[in-house]
Amino acid sequence: MNTFTKHPHGLENKTQAFLARQNHRMLIGGQWVDALENKRIEVENPAEETVIGSIPLAHPDDVNKAVSCAKSAFNSDDWGRMRPSARQNLLLKLADLIERDARIIAELDAIDNGKSVAVAEAVDVSLGLEFFRYMAGWATKIEGSTLDVSMPFAPADSDFSAYTRREPVGVVAAIIPWNFPFLMACWKLAPALAAGCTVVLKPAEQTSLSALYLGELIEEANFPDGVVNIITGEGQSTGSALITHPDINKISFTGSTEVGQIIGRAAMDNMARVTLELGGKSPMIVLADCDAEKAAQGAAAAIFFNHGQTCSAGSRLYVHRSISDKVLDRLAELAEAIPLGPGLDPDAQMGPLVSRVQLDRVCHYIETGRQEGARLVTGGERADRKGYYVKPTIFATEDDSLVIAKDEIFGPVLVVIPFDDIEDVVARANDSRYGLAASIWSNDLSEVQRLIPKLKAGTVWVNGHNMLDANIPFGGYKLSGVGRDMGKQSLDSYLETKSVVIAL
């Protein structure tokens with residue numbers, strides 16, 4: 001076991017202490033417990049291909065216990081009758097604790113996931129704590145409405161009062177992916193707790209450490225026992241038992257479209273509400289007037305951020321033919337200049353992929369691109385070093401029907417496609433089963449405004465990509481999902497509407 005006590009880049013004392021435990025536990029009903037069958041999953045550092053600890057493999061009986069604790073907490077006076085201002089204050093206190101321990105959380109994600117510790121602190125943790133603060137404010141602003149009603153079948157001299165009230169949906173199953181482990185936990189927990197729900201959170205088995213650390217902060221903030229339960233395990237066993245549990249009232253999932261479809265079908269058996277944030281193959285459209293340097297810099301950031309392991313990664317780049325060669329040449333230079341290294345290395349700009357499984361998947365797609373006849377501009381192979389590193393890869397092609405231009409690769413692989421006609425490129429950009437995000441690059445805002453309504457995507461960015469804010473809803477069209485994370489819309493999805501009619 002490698003506890004990183006002598007890591008050349010150093011770790012915070014709290015990080016070292018957390019990792020030194022090695023055999024981590026789950027949070028169920030306010031208690032830190034092992035799985036009932038004592039089975040465990042190894043935790044791997046993808047930068048070094050070494051085992052650094054283990055987490056419990058929750059059995060369906062563990063899931064039952066977690067859901068039962070969440071249900072009891074939901075029905076308890078400690079949480080169910082807590083005033084909105086008290087919920088708000090708990091969320092704000094938790095955000096303060098996250099801010100205090102931002103570096104520790106970032107180090108855990110850097111070790112567990114492979115991402116840059118600097119990026120994890122500046123992006124993942126920063127966005128997460130800001131989202132808790134944003135949602136804390138909504139806890140005191142949940143409101144219904146009064147209604148003027150006619151009641152056409154009632155006697156003419158009768159009077160009625162009618163209004164609606166918003167109530168928490170109940171027990172939430174929150175299932176998060178491995179690409180942004182801490183941030184996704186915040187995206188699920190904050191609106192659910194602001195609404196007054198209770199939660200069973202299942203992080204990805206590859207990256208559970210920061211979620212478990214968050215559980216310790218939730219305890220420190222003094223949330224009532226059972227309001228947040230954190231269980232670890234595999235999707236096919238633990239996750240399946242969670243999504244099919246009859247006492248789950250809402251499922252919020254971020255992950256692949258294929259798994260999202262399974263969850264959506266399972267949810268309907270119990271009529272559980274769902275939010276599904278799924279896959280993407282997001283197009284970037286660079287118009288002829290855009291500066292080639294700006295386009296290249298933007299495209300590199302859009303695809304190589306988080307090693308391409310981003311659902312909204314700009315993985316299809318459509319460039320007007322008049323500047324496509326300039327953009328492509330500069331992109332190749334930028335890609336080849338990206339230093340690879342562990343997330344804790346301050347000089348590294350791209351870390352490893354999260355696992356050997358993901359490495360093999362990405363390398364398979366790269367080989368498919370070669371076989372399909374796309375021109376490999378740069379990269380195209382695993383880096384010659386220990387760890388699950390893939391070189392930043394760029395393909396060029398005229399044919400966007402290729403597999404590498406259609407499928408979500410979820411790695412640092414970009415497909416560059418020239419175009420001549422704006423209407424044609426919109427049709428090509430929309431010719432995808434996904435519709436998560438898109439971006440347009442141009443100084444011609446009149447043309448941009450005409451294009452925005454035509455793009456079938458949940459988010460359209462202009463002269464930027466992956467620009468996120470707590471107040472902006474995020475989610476997709478088509479097979480990219482159902483519902484929205486972030487913004488007030490995310491809070492609404494954790495609330496039911498009750499109509500009340502009183503005969504006076």
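Let me begin with a convention: Ala, Val, Leu, Ile, Met, Phe, Trp, Tyr, Cys and Pro count as nonpolar, Asp, Glu, Lys and Arg as charged, and the others, Gly among them, as polar. The structure under discussion is a predicted model.

I turn to the largest pocket. By that convention, its lining divides into 20 nonpolar, 13 polar and 14 charged residues. The lining comprises 47 residues, and W178, E205, Q206, S256 and V259 are those nearest the centre of the pocket. The space inside amounts to about 1300 Å³. Which elements each supply at least two residues of this lining? They are the strands β3 (40-45) and β10 (250-254), together with the helices α9 (235-243), α10 (257-269) and α13 (356-372).

My second topic is a sheet. Seven strands form an open sheet with mixed pairing, in the order β14-β15-β16-β13-β12-β18-β19. At the edges stand β14 (375-378) and β19 (459-462); each has a single partner strand, so one side of each is left without a neighbour in the sheet. From one strand to the next, the twist averages 25°.

Within this sheet, strands β12 (residues 283-286) and β13 (residues 316-320) run parallel and are joined by four bridges. P283 stands opposite R316 in β13.

Two helices deserve mention here. Helix α12 (residues 321-336) packs on the sheet, where it touches β12, β13, β14, β15 (393-396) and β16 (413-419). The direction of α12 makes about 135° with that of β13. Helix α13 also packs on the sheet, touching β14, β15 and β16, and its direction makes about 25° with that of β15.

Key
Residues are numbered from 1 along each chain as its sequence is written. This is a predicted model: local features need pLDDT of at least 70, side-chain atom pairs count only at pLDDT 80 or more; totals for chains, interfaces and linings use all residues. Side-chain values use heavy atoms; hydrogens and water are left out. On a 1 Å grid over the protein atoms alone, a cavity is a set of points where a 1.4 Å probe fits but cannot get out, and a pocket is an open set with protein on both sides within 12 Å along at least five of seven lines; lining residues have an atom within 4 Å of a point. Grid points are joined across faces, edges and corners, and a volume is the space filled by probe spheres set on the points. Two strands pair if DSSP finds at least two bridges between them. Axes are lines fitted to C-alpha atoms, for helices over the stretch in contact, and angles run from 0 to 180 degrees between N-to-C directions. Contact means heavy atoms within 4.5 Å.
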